[in-house]
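Let's take a walk through this one together. Have the sequence and the coordinates open as you read.

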Amino acid sequence: MTFLVDLAVVTVSCLALGLASKYLRQAAIPAYIIAGIILGKSGGFNLITSYDFVEWLGKIGVILLMFYIGYEFNFKGIREPGRLFAGCTDFGVNFIAGFSLGLVIGLSLIEALILASAVYISSSAIAISSLIENKRLIYPEAETVVWLMVFEDIILAILLVVLTSIMSGSFAIITILVCLAVTLLLIVFILTLIRKLSNFISPLFERDDEIPILLTFALIFGFSSLAYLLGILLQALALHLGISLQCHISEVIVAFFLGSALSGVKSFKKPFGAIISFKNLFLTIFFFSFGMMFQFQFATLSSTYFVLALLALITISILGKFVSGAIIGKRLHGSLETGLRVGAYTTPRGEFSIVLLAVVIGTGPGISELLSSLVVAYVIILSIVGSVFAKHGDRIGKAIMVGINKLLPPAR
Amino acid sequence: MRISELPEIGTKYEIESPKGDKVAVIFLATGEIELYVLEAGAEQPSVTRLTSEEARRVGSVLTGAMLTIEREDVEVSFSEISDLRINIHICPVTKRMVGKSIEDLGIRKRTGVTIIALSRKGRSIISPPPETVFEEGDLIVAIGEREQIKVCAREILGQV
């Protein structure tokens with residue numbers, strides 16, 4: 001019955017820390033990671049007996065999160081030119097900033113790409129809840145921020161496809177292309193299958209019994225394992241032909257596109273509410289398990305090199321979002337100050353940076369401990385600092401404007 | 001009015017007055033409704049969060065429905081008996097009814113509609129007896145089937 005004890009440790013500690021962080025009006029994600037670091041495996045209290053079990057539950061959380069994002073994703077709305085401009089600016093500025101810094105601090109090319117992705121992706125959860133809590137929804141920049149988050153979702157999906165293909169393809173161009181092609185084929189297969197079957201499955205989602213939720217999980221787990229099995233099949237096939245081919249098709253990508261396929265089925269609205277509850281539970285377990293598995297070495301943490309890299313990373317990330325925000329604000333709202341507020345709201349990083357790192361690490365070896373330590377410390381700090389920034393976005397915008405006007409007196 | 005979609009939050013309806021005041025109504029994905037008011041030049045907006053029931057009440061005040069109860073149909077349903085619905089009809093007394101009693105007019109006999117209350121100069125008379133005589137300015141509250149109410153409106157009130 002040790003799994004019950006494990007579950008109790010996870011839920012009770014996350015509940016306590018989660019409540020505390022809500023009470024302190026802080027983001028809860030770092031609290032769950034810290035709970036995992038303290039109570040989990042290394043250097044902590046070591047209260048978890050079955051790491052695998054907790055990790056599996058956490059993986060379900062990631063799959064459900066991607067499924068949720070895929071379902072909510074609005075392909076039509078994002079095509080508006082202003083929103084595309086904002087999204088591309090955000091991506092361009094912050095991804096390049098993160099990538100360059102990664103190379104400067106001596107990461108490999110793929111590690112720098114992962115770091116750039118983690119730096120680029122803001123936390124939708126923190127940004128959106130802070131917009132609501134701080135009563136910003138009436139202002140035009142709220143819309144810009146929300147659509148930026150949507151744009152980041154699709155880039156996240158693309159980055160995951162690319163990064164997992166590169167990782168599992170062991171950096172050889174041919175295998176990377178094969179992985180990419182298979183992933184894309186599977187996505188097209190899922191999208192067409194759901195569309196063809198929608199008349200058949202639609203009435204099943206309307207039932208009042210356990211069938212709708214069962215069907216949903218059957219689809220999610222079915223297609224996720226299909227991705228896994230396809231990878232193995234491909235490997236065996238290649239071996240038969242005398243080629244060594246490692247191909248790992250990311251199950252979270254499959255979940256994302258399954259979600260977006262199901263958003264076309266009207267009656268799915270009903271079980272989707274239940275899926276959100278499951279997502280919230282398992283995602284919390286994921287953050288705990290991530291903290292638990294994370295080899296947090298205090299020795300690395302105290303090394304000057306690590307601290308300098310972390311400080312540089314944080315500075316670049318904050319600056320990057322303000323720069324992209326300023327460009328977006330100037331272009332879309334004709335106001336630098338509005339843009340600076342956009343920057344402040346998008347400063348917090350969180351769930352997606354962690355999810356991305358976990359998924360990529362899970363795909364294959366070759367990621368140094370330096371990178372994962374860096375990203376975890378980075379997310380913990382920037383989710384806390386970022387929430388403060390998002391909370392005082394208007395004041396920060398005003399303060400920077402005062403500074404700019406002092407430095408550059410307006411031309412008469 | 002500007003309508004915009006806020007993914008993961010809800011839908012925003014926004015109106016700006018000529019003075020520059022802004023009012024926004026946001027239907028949250030949770031089913032609640034937030035009402036924003038931002039006066040021109042103000043630093044912070046005022047916000048209140050309403051349940052859908054409260055929002056409906058505010059809405060009917062804003063549309064003026066509450067102030068102009070001339071004729072209104074209200075359908076009452078009960079949570080315990082799901083298929084029981086009662087139509088309540090509210091209308092002012094017409095000229096041809098003034099000075100006559102409920103019995104004189106034979107409302108129940110001719111149409112099947114029952115008068116359950118009268119509102120007279122701000123006072124209410126609950127279940128008025130058949131000999132009650134209508135006065136000018138009375139509001140009558142009647143129940144009946146939709147068809148019966150129609151007949152009553154035509155035969156008794158003289159409305160087309």
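**A helix pair in chain A**

H5(A) and H7(A) cross in a left-handed way, meaning that the near helix is turned anticlockwise from the far one by less than a right angle (clockwise would be right-handed). Before going further, a word on the source: this is a predicted model, where local features need pLDDT of at least 70, side-chain atom pairs count only at pLDDT 80 or more, and totals for chains, interfaces and linings use all residues. Residues are numbered from 1 along each chain as its sequence is written, while chains are lettered from A and ligands numbered from 1 in the order in which they are written.

Back to the pair. Two packed helices are described by the angle between their axes and the distance between the axes. Here, H5 (residues 109-120) of chain A packs on H7(A) at about 160°, with the axes 11 Å apart. That angle makes H5(A) roughly antiparallel to H7(A); the cut-offs are under 35 degrees for roughly parallel, over 145 for roughly antiparallel, 65 to 115 for roughly perpendicular, and oblique for the rest. Axes are lines fitted to C-alpha atoms, for helices over the stretch in contact, and angles run from 0 to 180 degrees between N-to-C directions. Helices (H or I, at least four residues) and strands (E, at least two) are DSSP runs, numbered from the N terminus.

Which residues meet where H5(A) and H7(A) touch? From H5(A) come A:Ile110, A:Leu113, A:Ile114 and A:Ser117, and from H7(A) come A:Leu159, A:Leu163, A:Ile166 and A:Met167. Contact here is C-beta atoms, placed from the backbone, within 7 Å. By class, that is 7 nonpolar, 1 polar and no charged residues. Nonpolar covers Ala, Val, Leu, Ile, Met, Phe, Trp, Tyr, Cys and Pro, charged covers Asp, Glu, Lys and Arg, and the others, Gly among them, are polar.

Now zoom out to the core. The largest nonpolar core has 144 residues, and A:Phe67, A:Leu160, A:Leu258 and A:Leu356 have the most contacts inside it. H7(A) gives the most to this core, with 15 residues. Such a core is a set of buried Ala, Val, Leu, Ile, Met, Phe, Trp, Tyr and Cys residues joined through C-beta atoms within 7 Å. Apart from neighbours within four places in sequence, A:Leu356 is in contact with A:Ser117, A:Ala118, A:Ile121, A:Leu156, A:Leu159 and A:Leu160. A separate second core of 16 residues includes B:Ile102, B:Ile140, B:Ile149 and B:Ile156.

On to chain B, then. Chain B has 4 helices and 10 strands, and 19% of its 160 residues are buried. Buried means 20 or more other C-beta atoms within 10 Å, exposed means 12 or fewer, and partly exposed is in between, with C-beta atoms placed from the backbone. Between the chains, 12 residues of chain A are in contact with 16 of chain B. On the chain A side, H6 (124-133) and H7 (140-168) are the elements giving two or more residues.

Most residues other than glycine have a negative phi. A:Lys135, though not a glycine, has a positive phi of about 55°, and its place is in the loop between H6 and H7 of chain A. B:Glu8 also isn't a glycine and has a positive phi of about 70°; look for B:Glu8 in the loop between E1 (2-6) and E2 (10-16) of chain B.

Notes:
Contact = placed C-beta atoms within 7 Å.
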